[in-house]
Amino acid sequence: MVSSILIENVSKSFGENAVLKNVSATFTGGKIYGIVGRNGSGKTVLMKLICGFLPMDAGKITVNGKALSHGAAIPKGIGAIIEAPGFLPQYSGYKNLRFLADIQRKIGRDEIRLAMKQVGLNPDMRKRVGTYSLGMRQRLGLAQAIMEDPPILLLDEPMNGLDEAGIQFVRELLQRLRNHGKLILMASHMKEDLDLLCDEIYRVHEGSLFPQC
């Protein structure tokens, strides 16, 4: 089944601040979608709504044919980096991912190791995450997002903190994942990333979401 996200007339406010106003869009698998907008425009809020981290004020979001409901669990089949990934600083990258994998018990050692290698990290490195650079933490966050092989990826500024080589490495990874049918929704302030990677780009502006030509 082709993965999909259907957003219908969704609104979200914080107090008197209407961040999203009656937005609608359809995203399907095998494509990378870019979300652009200034800081505070609602890009991250939209991703949090799709993940079920925040409740909608109005409207409907359907992920892979299943509508989100208030108070429900995070939709199955989504891997996400939203804001700064949080890890236990006293443990290695592998141990952090192992702790997270043990929650769902869907994958084991081999899948975790593969995910780390896919993002350019050595799973045998004993270095504590607390001593990681920002770029290494970002790679580890991406490994967390992909390790259970979810059909949908929501990536908020996935290139944050990466050097030029790291950016190229992640670009190639996202292209491979798209070619394997993943639905990737990516927010980025880097125009080059969006132009190179995205099949379609949407802009969030003054609470509205619309395709960018």
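Tutor: Buried means under 20% relative accessible area, exposed over 50%, and partly exposed in between (1.4 Å probe, protein chains only). This is a predicted model: local features need pLDDT of at least 70, side-chain atom pairs count only at pLDDT 80 or more, and totals for chains, interfaces and linings use all residues. Residues are numbered from 1 along each chain as its sequence is written, and side-chain values use heavy atoms, leaving out hydrogens and water.

Student: Is Asn96 buried or exposed, then?

Tutor: Asn96 counts as buried, because its relative accessibility is 3%.

Student: Which residues does Asn96 touch?

Tutor: Leaving out residues up to four places away in sequence, Asn96 touches Phe87, Leu88, Tyr91 and Val129. Contact means heavy atoms within 4.5 Å. The Asn96 side chain also reaches the backbone oxygen of Tyr91 at 3.4 Å.

Student: Where is Asn96 found?

Tutor: In helix H2. Helices are DSSP runs (H or I, at least four residues), numbered from the N terminus.

Student: New topic. At what angle do H4 and H5 pack?

Tutor: About 10 degrees, with the axes of H4 (residues 134-146) and H5 (residues 164-179) 12 Å apart. Axes are lines fitted to C-alpha atoms over the stretch in contact, and angles run from 0 to 180 degrees between N-to-C directions. That makes H4 roughly parallel to H5, a label for angles under 35 degrees.

Student: Which residues make the contact?

Tutor: Arg139, Leu142 and Ile146 of H4 meet Gly166, Phe169, Val170, Leu173 and Leu177 of H5.

Notes:
Helix = DSSP H or I, 4+ residues; strand = E, 2+ residues; numbered from the N terminus. Polar contact = N/O pair within 3.5 Å; in protein donor to acceptor, adjacent residues only side chain to side chain. Parallel < 35°, antiparallel > 145°, perpendicular 65-115°, else oblique.
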